[in-house]
Amino acid sequence: MHSKMDDAIGILCCYVPNFLIASACCDQPGWTERPLALLGADERVVAVSAAARRSGVQIAVRAQAARLACPDLHLQPLNIQASQARQTAYLAALGEWELPVESQGWGLAYIDLNGIAHSTAAVQPLATDLGRRLRRTLGAALQPALGWDSSKFTARAAAMWAAPGRMKLVEQADVARFLAGQPISLLPLSPPHLQQLQWLGIHTLGQFAQLPATAVWQRFGAAGKLAQQWARGKDNRPVCGAAATTYPPVTVDIDPPTASLQPVMANLLASLQPLLRTQQGRMEGIRRLHLAYCFANGAESGSVLDFVYPVNQPARIEAALMQQLGAQPWPGALTSVRWTLLATGEVVVAQLSLFAAPASRVASLGDLARPLAERYGAVFFQAQQSNASHPLPERRSRFVDVPSLA
Amino acid sequence: MSATKRRRLESAVTAIHERYGPQAVRTGAEFRQVAAIPHIATGFAALDAITGCQGLPMGALTLLSGRTTSGKLTVACKFLASAQRDQRGDVAHTVALFDLNRTADPDYLVRCGVDLDALLVVRPSLQPQAVDLLGDLVQQRRLRAVVIDCLPDWLTNRAVSRRLYASLGRLQTQLRVAQCALLMLDDPSPPWRRWLNLDKSGRVRWNAALHIEMRREQWLTESGVLKGYRAQARLLKSQWVYGFPSAPMEIRFNGTVKARETW
């Protein structure tokens, strides 16, 4: 149950769908006609257009795998400077009201309307004005979808529900009804957790909200508990303004100093583990990480690790760190590494559709053989292991006529 | 190169990029990175490294020749296992094995990692229709890879070989359209026969994008028990590599073959 104070809070979520692709297509209008994917610095896909996604191209796959999925795919390197310039312009346009604005990655931001507008009637003209201003500043291709509610999660769900150039304002009384029909994949839970929920027959936020809280906590941990509160419309996270939160630097001593990558990686990952665990509990991830290296010969150097989307999975952090450290010149043995967290963000939702994973491309042997069996006869077989532990090889397996299997 | 010349060259390249797109002109280093050929890994890294396409090419014909126990069937089984799997390692594709001499061993296929549920075993009779069957199967566009074990069974029959030679061109088109990899296992022929184009698989070799020859070098034993053998794969033809590089391979028996009597 919300208190009177909660009801006074209003959060407007501005969301530009597929910001990176839309930004790239603004620079090169010819790209809109073809399936497009953008490659990051690690040669993996970081953004996929709708046409490419329909062909099976997914984020984080390698360029070659993307080409295999979609031979007509137009693969281009991500122009990070141009995208950042557009993101800055986008945030500047949002900041013109001089209200607290919290950026949450590419094309997603929250505006705190606390004390400005408390009802849909008051928010509507403001949202209309903001939408027009953004369209004027960034162009029609980058026009946002707007969502409003008293909590961040519902505001974001509303913005993602609305089409670009439209708004969805959710009154307090309608929150439960609105969220009940939304797909479970709006929650930034890990893909295995989402898959488990799908297997359990839970496809909407309404179904998830009705589960016993203790069972959710036992199965999915702190992140699941938080997700269920969000699914029930209870999200008391405030909008944090532009003033960046500062994090203390952490120094990792490498003893003895080494020029080998493995011990450095082990120490670094061990020191990052507590932070990652905390972030997983809050459904946040690392967006920017500064690394400073001290070498035995007195040399020092530094690098910044930028993630296109916030990351809290140890395996992905490890891969990025490995690449960064591998590319870094090492003038001597490394004595210490100092890392500083520069920016964090909400974890991007894993899947934005109600549809499950693409169907397997394993063709049934019967489907393959049946059309040809009439012409060529019984020449199609499936090998089967009848008794894998039998000492005689010929008794371990057998061949079964495929059309007869059907 | 002087600074002026370099600047002029850069401006000329920029002008070409603007007019004809970034693919029009590239440096040699970039070209080597971009030229990725759709392929399926064999599971033997050393062999993949010499083929020029990081594995066996999709949409093309590959010939793998070698004597018995040279490792060619193991390579073929590993290739089938690799072709069945997607980039996450899940079984996602169907493959076919033309078992012409009817010696396929499901137990060994499983030990090589092949999922039998996604493997179609075809055992046609020695008639020209068998070649048509291959074309029809590929044309369905549902198979990712086909292995033919082994080619001499077809080539020894004059009617079948004649049909195979006649349909090689069409088969290549079908493979390209279906993006299906075709691997034919063959017996080796002496170099002088190859040189004089007297071997029967000459026409197939002519149409193959890749030709690899396997040769066993040494048996591997541990404490008197046969554990496997060392083989050498030599590239005889590749559309992507010049020269004849070779790669050492080690094939270990995974409990299938034991050099001791148990019964």
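A: Begin with one residue and its contacts, where contact means heavy atoms within 4.5 Å. Leaving out residues up to four places away in sequence, B:Ile212 touches B:Leu47, B:Thr51, B:Leu56, B:Leu63, B:Leu64, B:Ser65, B:Ala233, B:Arg234 and B:Leu235. This is a predicted model, in which local features need pLDDT of at least 70 and side-chain atom pairs count only at pLDDT 80 or more, while totals for chains, interfaces and linings use all residues. Residues are numbered from 1 along each chain as its sequence is written, chains are lettered from A in the order in which they are written, and side-chain values use heavy atoms, without hydrogens and water.

Q: Which residues touch the most other members of the largest nonpolar core?

A: A nonpolar core is a set of buried Ala, Val, Leu, Ile, Met, Phe, Trp, Tyr and Cys residues joined through side-chain atoms within 4.5 Å; buried means under 20% relative accessible area (1.4 Å probe, protein chains only). Here the largest core has 44 residues, and B:Leu119 and B:Ile212 touch the most other members. Helix H4 (residues 72-84) of chain B gives the largest share, 7 residues. A second, separate core has 39 residues, among them A:Tyr376 and B:Val138.

Q: How do strands E2 and E3 of chain A pair?

A: Two strands pair if DSSP finds at least two bridges between them; strands are DSSP runs of at least two residues, and helices of at least four (H or I), numbered from the N terminus. E2 (residues 36-39) and E3 (residues 45-48) of chain A are antiparallel, with 3 bridges. A:Ala37 has A:Val48 as its bridge partner in E3(A).

Technical notes: Buried means under 20% relative accessible area, exposed over 50%, partly exposed in between (1.4 Å probe, protein chains only).
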